[in-house]
Amino acid sequence: MTDASRQEVPWRLGVITVGALLIAVAAVGVVGISINRTVQNVVERAIAFDVELEDNADDLRIAILDLRHFHRNLIFGEPLGARVEAWEERYRAVLAEIDELEALIATGVDPVGLPTTDELRALADAYYLGFKPAVDAYDPDDRTAFEMASDTGLAQLNTLESLAEALDKEGEARATEAFRAIDDAASTGNWILVVVIAGLTMVGGALGFAVLRMIQTSRRLVTAQQNVSRAKTDFIAEASHELRTPLTVLRGNAELGLVVEDERERTKILRKIVAEAQRMSRVVNDLLFLTRSDATSVPLDLDTVDAGELLEDVAGRAEMLIRERPVTLATAIDVAGTLRVDATRVEQAVLIVVDNAANYSPPGQTVELSARLAKDGLVIEVSDRGPGIPEQERARIFERFFRGDGQPSHRASGAGLGLAIARANVEGHGGTITAEDRPGGGTTMRIRLPVLTFPRETDDAGTASAAIPDEGS
Amino acid sequence: MTTERRALIVEDDGEIADLLKRGLTLHGMDATVASDGSAGLAAWMSEPFDVIVLDVMLPGMDGIELLAERRAAGDRTPVILLTAHDDDRVRERGVAAGAQAFLIKPFAYFELLGCLDELTMGTTKGS
């Protein structure tokens, strides 16, 4: 289950990152469009204020200065004929500029703080209407009235000019403001883009990571699948090999039985066939057990059992097993507490290890079976004085069909499934099985099983405290 | 056949070795059993045999190595290889090493006899 959820993570991560990427792309689009609009608006407004307002105000000022210039021409020369016409033309130019300004303001320029065009036009009109009669009534012999009207007109022109200047200044100020806004919008846009790019980089990184994880996971799955299928092929090849040997004995004996005429000889052959069939069915059972413990976990019939009783039982059976061999068994069982185990499977595992030890022990030697409680659980040890297991084979002895080089005969060591079955049993209980060199020669096999409850201190102070020694004591 | 043909059986599985010995004896042959590669080599070199029945999977030196060693030494004694591996590679190795016949377990008794007779045809002890 945990494997499955671990495999799903990269997919989920991938979907999330792709979603995030799409959202990020959409966000970038929206942000981009809005920044673009802002900048466009700001630029448009700036152009309206700067180029149009400032230009118009400038033009107006120039027109006013022109008008003043032609006004002066009227004063220093004679206000007659073509000179008056030129002056009037300049006056009309001023009016035209005012009209233009009015049109510009009407297009949407904020008029607050600006001199109104009405004001400008009124001033211009007042100037013209005040000075024109004096021009028309010009008398070269008495210039007093003309010059007085001229002075008034010039003062009015100055006022008009200062208004135009104010307009010009306002336009300039607004343009500066607008350019600052453009700058602001642009730099805000830059920051947002930087953040978006950073975000996209992160999303891209996450996506890359997810893809890598997916590739790794699928590679691991493929490798695991290949290993499983290779192991399965190997297992089938080995299993068929294991079955061919007893089959050869069965077939050969049966065929011999057909040609043998002596009745006693035939009975002997039939006995051999029966014995071999029994051996073969044991191999078949072992193979089936291992195949099942592969497909699921070991099928266990768990029960809460007393550790002491279980181990005493196992020791008793081990003794019976050893009785037919030229070796002796020494047991040292010192356990209490309860275990949650399949007693049959634990017994099977221990007996396999004891049988194994007996097979490797030279005649006359002792196989030792001990059990004790350690902090991390129940420890069962089986020690022999056999030839020992070479370092490089120590891990492999628990593999199916593995037989070391220094093996006793094939028949004595069985199909090479015993230790694999012992390991399946022990690991099915959440325990471990290991082999190590025994000081002074031989091998110690150690089975560790988790303990359900340790004996309570109050039960029996003496044994309880002695029952949980420190590891290695 | 007036003289008993002599066969060497090199087989680590006691039951199969016993079966072969009984079967060959029943067929009128004189069979000697060796239960691993080095014992087989020693037996093969110690006396002449008319045929060798050689298991491939042996502890220590395997049957094909043993055969190759004898062939390298110029020994032409006919050899029947036995194997529980129905595997072409094993068969190829066996033939390359100089085996005359190849039987896959579980073989038929009469198949074995057929092979033995064919390989020992006309041979007599010591010839």
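A salt bridge here is a side-chain nitrogen of Lys or Arg within 4 Å of a carboxyl oxygen of Asp or Glu. What you're looking at is a predicted model, where local features need pLDDT of at least 70 and side-chain atom pairs count only at pLDDT 80 or more, while totals for chains, interfaces and linings use all residues. Residues are numbered from 1 along each chain as its sequence is written, chains are lettered from A and ligands numbered from 1 in the order in which they are written, and side-chain values use heavy atoms, with hydrogens and water left out.

**Getting to know chain B**

- Chain B has five helices and five strands; helices (H or I, at least four residues) and strands (E, at least two) are DSSP runs, numbered from the N terminus.
- Read from the N terminus, the elements of chain B go β-α-β-α-β-α-β-α-β-α.
- Chain B has 127 residues, and 54% of them count as buried. Buried means under 20% relative accessible area, exposed means over 50%, and partly exposed is in between (1.4 Å probe, protein chains only).
- Take the contacts in chain B with a separation of 6 or more: 64% of them come from residues 24 or more positions apart. Contact means heavy atoms within 4.5 Å.

**Where chain B meets chain A**

- On the chain B side, 20 residues are in contact with 21 residues of chain A.
- The size of an interface is often given as the accessible area lost when the parts come together. Between chain B and chain A, the buried area is about 2100 Å², with carbon and sulfur atoms giving 62% of it. (Buried area is the accessible area, 1.4 Å probe, that two parts lose on being put together, summed over both.)
- In chain B, Glu15(B), Arg22(B) and Pro106(B) lose the most area to chain A, together 27% of what that side buries.
- The rule finds three salt bridges across this interface, and six residue pairs in polar contact (both at pLDDT 80 or more). A polar contact is a pair of N or O atoms within 3.5 Å; within protein, one must be able to donate a hydrogen and the other to accept it, and residues adjacent in sequence count only if both atoms are side-chain atoms.
- Helices α1 (14-26) and α5 of chain B each supply at least two residues of the side that touches chain A. The largest share of that side, seven residues, comes from α1(B).

**Salt bridges around the structure**

- Side chains of opposite charge can pair when their charged atoms come close.
- Over all chains, the structure holds 38 salt bridges.
- One of them joins Arg121(A) and Asp99(A), with the closest N and O atoms 2.8 Å apart. This pair links distant parts of the chain, 22 residues apart: Arg121(A) is in helix α3 (residues 117-136) of chain A and Asp99(A) in helix α2 (residues 81-106) of chain A.
- Glu368(A) and Arg438(A) make another, at 2.9 Å between the closest N and O atoms. Here Glu368(A) sits in strand β4 (residues 366-374) of chain A and Arg438(A) in the loop between β6 (432-437) and β7 (443-449) of chain A, 70 residues apart.
- Glu368(A) is partly exposed at 36% relative accessibility, while Arg438(A) is buried, with a relative accessible area of 10%.
- Over in chain B, Asp88(B) and Arg91(B) meet in a salt bridge of 4.0 Å, N to O. Both lie in helix α4 (residues 88-97) of chain B, three residues apart, about one turn of the helix.
- Asp88(B) counts as exposed at 51% relative accessibility, and Arg91(B) as partly exposed at 30%.
- Salt bridges that share partners also join Lys272(A), Glu276(A), Arg279(A), Glu15(B), Asp18(B) and Arg22(B) into one network.

**A closer look at Ser38(B)**

- You'll find Ser38(B) in helix α2 (residues 37-46) of chain B.
- The side chains of Ser38(B) and Asp36(B) are joined by a polar contact of 3.1 Å.
- Ser38(B) and Gly63(B) are 25 residues apart along the chain, and their C-alpha atoms are separated by 9.9 Å.
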